Amino acid sequence: MGEAFAFPVEEALEMILVFHATGIISYANAAARKKLGYEKMEPEDGLTGRHISDIFPNTFKVTEDGFEAEEPLEEEPGNLVMYRKNLTCFPVEAKIVRACTGDYICMANDILEREHLGREIGYVREEAQQAAKAKSEFVANVTHELRTPVNGILGNVRELLSDVKDPHTLKALQLIERCCGDMNKIINNILDFSKLDAGKFTLEIREFCVRNMLDYVKAQHIGKMTEKGLDFFMTVSPQVPEYVLGDELRVVQILNNLLSNALKFTSVGKITVQVLKTAQVKDKAELFFIISDTGIGIAEEDRDKLFQSFSQVDASISRKYGGTGLGLNICKQLVELMGGTIEVESRKGRGSVFSFSIWVGAGREEQSCQAPDDIEAVYRRMALPADTGTVKQEETKAYGTAGNQEAMRKILSKLILCVEMENWEKAEMFMETVRQLTEEAPPEIKRMVLKLKMAIQKEDYDKVIAEYGRLYHDSLDSG
């Protein structure tokens, strides 16, 4: 039998054993002899002549006729345990087949090292996941802590703005207010990135009016574009539905980011926004947004860097224009969450065209969007519950009026419900509406609002309940 299995079987890297129907091993190649500890044995003490159950005691047992297997032998490789001469064992991946001569051939590979490496990889993967989780939690905690002092400064500066008359002091306070606003944008970007990176980001789907949303976006940017001497055009295809189902705030976030970049990198010319409906599948529609500018443009070799996190085309961009390099990466992930894609076409010195698509659900079609009275009304429409729309805007804005008090009660009930459900992000959104409803309130009420907002940002449940009770008592019960 040994002659029948000459080279290359003898020199094969895997262990090869041949045994009779009686279970007696008739051949073992060099790899098998070495792995099993029979390499230096005398012929009479060697591997040949032994019973297969000596090598696989957990798989075979001796019988009067020869051997029997604990489980039916399969021709597919399986995991078994082989025993060495010194009775130590190791795992193998083995395949046992029956030859036409009636003998059995076993081919086995030692998988001890592979299993060890697998366990090591498992440990490394688990450590990496724990490190990523710790990093995400650290980033989230630090950014939450940063927001507290920033908003504290912002709130106090806004209170001072209404009292200060000196032009020099007023200019300094306005600069601080703008810096705090920029800082909040950076913090919000880091928070969004950490949530997206950890896979904990969820979309809030609700019905909204596309054209009102676009009016809101336009109103946010038109002033700065006019100051810079840029033309701004926005067109909406007639095929775009009036109402759709989607995450309005995140669509606004994407548009704001792309328009802010266009404004930042464009010194002369124009910026345009086009919105089209490009597909309809049952009750889902694909909306396509195109944002083009006549700015500095991007070289072809640098386009791949745009959507990477913490990346900008080159270091001079960060020094000259600022930015964290997170905005476009966040936009990309948000667009993908909405089932779409984002692309860019650009030539250096010739401007850029960013385009993205999202999928939205079908909303009501029986009526057109109602144009809001002013931009504050648009924001309230986005943040307030739908049933506050019956209150006149003038009454709502004037602190202490019946309409204002009614809106306050409704929004505070929604806010405290979010707190009870630990939906802190939504509670912050309602808190911004509370701030707007108390813009004309006395200073002591504004201070309560600021304290409540800071408690919500720190996710301090006990302090939120305490500040909420004080605000409700002093603002509503006394009114």
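Is Lys463 buried, exposed or partly exposed? Select Lys463 and have a look before reading on. Lys463 turns out to be partly exposed, because its relative accessible area is 45%, and partly exposed covers everything between under 20% (buried) and over 50% (exposed). Keep in mind as you click around that this is a predicted model.

**Stop 1: the whole protein**

Zoom out for a moment. You're looking at 479 residues, and 41% of them count as buried. Switch to a cartoon view and you can trace 14 helices and 14 strands.

**Stop 2**

Select residues 461-477. That's helix α14, and Lys463 sits in this helix.

**Stop 3: a nonpolar patch**

Next, select Phe138, Val142, Leu146, Met183 and Ile186. What do they make? These five side chains form a nonpolar surface patch of about 400 Å². Two elements each give two or more residues to the patch: α3 (112-161) and α4 (167-198). Colour the two helices separately and you'll see that α3 supplies the largest share, three residues.

Pick out Leu146, which belongs to helix α3. Why does Leu146 count as partly exposed? Its relative accessibility is 35%, so Leu146 falls in the partly exposed class.

**Stop 4: salt bridges**

How many salt bridges does a search of the whole structure find? The search turns up 11. Let's visit a few.

- Select Lys61 and Glu68. Their side chains meet in a salt bridge, with N to O at 3.2 Å. Lys61 is partly exposed at 41% relative accessibility, and Glu68 is partly exposed too, with a relative accessible area of 37%.
- Select Lys332 and Glu336. This salt bridge spans 2.7 Å from N to O. Both residues lie in helix α8 (residues 327-337), and they are four residues apart, about one turn of the helix. Check the surface here: Glu336 is partly exposed with a relative accessible area of 45%, while Lys332, also partly exposed, has 29%.

**Stop 5: a buried pair**

Now go to Lys453 and Glu432. These two form a salt bridge in which the closest N and O atoms are 3.6 Å apart. Colour residues 443-457 (helix α13) and 424-437 (helix α12): Lys453 lies in α13 and Glu432 in α12, so the pair ties together parts that are 21 residues apart in sequence.

Are Lys453 and Glu432 buried or exposed? Both are buried. Turn the surface off if you want a clear view of them.

Along with Glu432 and Lys453, they are linked in a network of salt bridges.

Finally, select Lys463 and Lys453 together. Lys463 is partly exposed, whereas Lys453 is buried.

Methods:
Residues are numbered from 1 along each chain as its sequence is written. This is a predicted model: local features need pLDDT of at least 70, side-chain atom pairs count only at pLDDT 80 or more; totals for chains, interfaces and linings use all residues. Side-chain values use heavy atoms; hydrogens and water are left out. Buried means under 20% relative accessible area, exposed over 50%, partly exposed in between (1.4 Å probe, protein chains only). Patches are made of residues with over 30% relative accessible area and no salt bridge: like charges are joined within 9 Å, nonpolar side chains (Val, Leu, Ile, Met, Phe, Trp, Tyr) within 5 Å. Accessible areas come from the Shrake-Rupley method with a 1.4 Å probe; for residues, only the protein chains shown count as cover. A salt bridge is a side-chain nitrogen of Lys or Arg within 4 Å of a carboxyl oxygen of Asp or Glu.
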